[in-house]
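My entries follow the structure itself.

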Amino acid sequence: MRAGPDPSIVRIDGPWTHRDVSANGIRLHVAELGTGPLVLLLHGFGEFWWTWHRQLTGLAEAGFRVVAADLRGYGDSDKPPRGYDAWTLAGDVAGLVKALGERRAHLVGHAWGGMLAWTAATLHPRIAASVGALGAAHPLALRGSVTRTAWRGRGGNQARALGHLFGFQVPMAPERKLVRDDAAEVERLMRGWSGPQWTETAEFTEAAAKFRQAMQVPGVAHSSLEYYRWAFRAQFRGEGRRFTEAADKPSPVPVLQVHGQEDRCVLPRTAEASARWRGEDSVFTSLAGVGHYPHLEAPKRTTEILAQFLAKA
């Protein structure tokens with residue numbers, strides 16, 4: 001078996017600065033640009049910090065200090081064997097805010113990163129100024145929608161849309177599938193979740209190539225699957241009940257949800273079902289013709305929406 005690429009391949013040059021930050025007992029790689037209130041960007045499954053390259057520059061120009069992180073297990077961050085549970089991941093976010101020398105941050109995430117931003121704000125309310133969730137639902141809204149559609153076939157078909165979650169539960173085989181043929185599976189999933197117009201663009205081709213390469217970094221495939229495995233298995237354990245009790249409350253800070261009407265991973269109905277957890281002064285914005293990746297499919301519009309929301313939060 002050939003070795004994967006060196007993790008340093010994710011340190012793509014640009015106007016931003018790359019550095020390592022120690023937080024919650026691990027080393028996290030970040031890219032940083034701008035000055036002002038801190039905005040911490042958290043990517044989703046199969047991505048890495050670069051997924052936010054348009055928001056890094058756009059939000060920095062709007063007067064923010066913008067930091068895009070490689071989450072635990074991804075990119076050039078540490079890939080420990082454990083710590084992919086909601087509690088530890090939320091601790092990573094809280095620790096990173098403090099390690100960056102700030103008391104609070106606007107937490108913005110895509111997909112898994114969006115759920116993590118929401119979770120961190122709930123479990124560590126003192127470090128959050130606001131939450132931005134792109135292509136994401138509240139974790140309990142997502143779980144409820146999957147459960148209903150899996151057992152009763154109601155409310156759209158969120159269980160089928162997240163069929164990969166169930167396939168990821170078996171050992172070893174999903175890891176091999178993710179990296180086979182230069183991680184072609186990453187592009188297949190992206191294409192299925194994206195709006196059809198974006199998949200025909202050069203920007204899609206560029207993003208898919210970068211995400212495929214990043215998935216082949218040693219340890220990333222396994223680590224990325226551990227997020228899904230904890231989320232599924234925790235439902236049958238006491239820690240799942242404890243997480244439900246801790247997370248089942250309105251956000252202590254305003255929440256912005258930006259969701260593509262063509263999202264075939266986290267269905268729009270599931271995202272809208274997050275309303276009870278949004279809290280006061282929250283906003284839901286729907287984007288026509290956009291799929292699961294608003295920040296990549298409609299980067300200018302998404303950045304404008306974020307900047308306007310963050311200026312008021």
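**Notebook: cavities, core and selected residues**

I started with the second largest cavity, which holds about 40 Å³ of space. I took a cavity to be a set of points, on a 1 Å grid over the protein atoms alone, where a 1.4 Å probe fits but cannot get out. Points are joined across faces, edges and corners, and the volume is the space filled by probe spheres set on them.

Ground rules before going on. The model is predicted, so I kept to pLDDT of at least 70 for local features and 80 or more for side-chain atom pairs, while totals for chains, interfaces and linings use all residues. Residues are numbered from 1 along each chain as its sequence is written, and side-chain values use heavy atoms, with hydrogens and water left out.

**Cavities**

I searched the whole structure and got 3 cavities of 30 Å³ or more.

Which residues line the largest cavity? I listed Leu 28, Leu 42, Ala 69, Asp 70, Leu 71, Arg 72, Leu 89, Asp 92, Val 93, Leu 96 and Leu 116. A lining residue has an atom within 4 Å of a cavity point. Helix H2 (residues 86–99) gives the most to this lining, with 4 residues. Helices here are DSSP runs of H or I with at least four residues, strands are E runs of at least two, and both are numbered from the N terminus. I sorted the lining of the largest cavity by class and got 8 nonpolar, no polar and 3 charged residues. In this sorting Ala, Val, Leu, Ile, Met, Phe, Trp, Tyr, Cys and Pro count as nonpolar, Asp, Glu, Lys and Arg as charged, and the others, Gly among them, as polar.

Back to the second largest cavity. I found Phe 45, Gly 46, Glu 47, Val 186, Leu 189, Met 190, Trp 193, Phe 211 and Tyr 293 in its lining. Helix H7 (residues 173–193) supplies the largest share, 4 residues. The classes here are 7 nonpolar, 1 polar and 1 charged.

His 295 sits in helix H12. Is His 295 buried or exposed? It is buried, because its relative accessible area is 0%. Buried means under 20%, exposed over 50%, and partly exposed in between (1.4 Å probe, protein chains only). The side chains of His 295 and Glu 47 make a polar contact of 3.3 Å. For a polar contact I required N or O atoms within 3.5 Å; within protein, one must be able to donate a hydrogen and the other to accept it, and residues adjacent in sequence count only if both atoms are side-chain atoms. Beyond four places in sequence, His 295 touches Glu 47, Thr 51, Trp 52, Gln 55, His 110, Leu 134 and Thr 302. Contact means heavy atoms within 4.5 Å.

His 106 is in strand E5 (residues 105–110). It is buried, because its relative accessibility is 6%. Its side chain makes a polar contact of 2.7 Å with the side chain of Ser 130. Among the residues His 106 touches beyond four places in sequence are Pro 37, Leu 40, Ala 129 and Leu 310.

I listed the buried residues of helix H1 (residues 53–61): His 53, Gln 55, Leu 56, Gly 58, Leu 59 and Ala 60. They pack against several elements, including strand E2 (26–33), strand E3 (38–42) and helix H13 (299–312). Gly 63 follows H1 and has a positive phi, near 100°.

The largest nonpolar core has 100 residues. Such a core is a set of buried Ala, Val, Leu, Ile, Met, Phe, Trp, Tyr and Cys residues joined through side-chain atoms within 4.5 Å. Leu 40, Phe 45, Trp 49, Leu 96, Leu 107 and Met 190 touch the most other members. I followed Leu 107: its contacts beyond four places in sequence include Leu 40, Val 93, Ile 127 and Ser 130.

**Positive phi at two alanines**

Ala 111 has a positive phi of about 55° although it is not a glycine. I placed it in the loop between E5 and helix H3 (112–123). Ala 183 has a positive phi of about 60°, and it lies in helix H7. Ala 111 counts as buried at 12% relative accessibility, and Ala 183 counts as buried at 0%.

Terms used
On a 1 Å grid over the protein atoms alone, a cavity is a set of points where a 1.4 Å probe fits but cannot get out, and a pocket is an open set with protein on both sides within 12 Å along at least five of seven lines; lining residues have an atom within 4 Å of a point.
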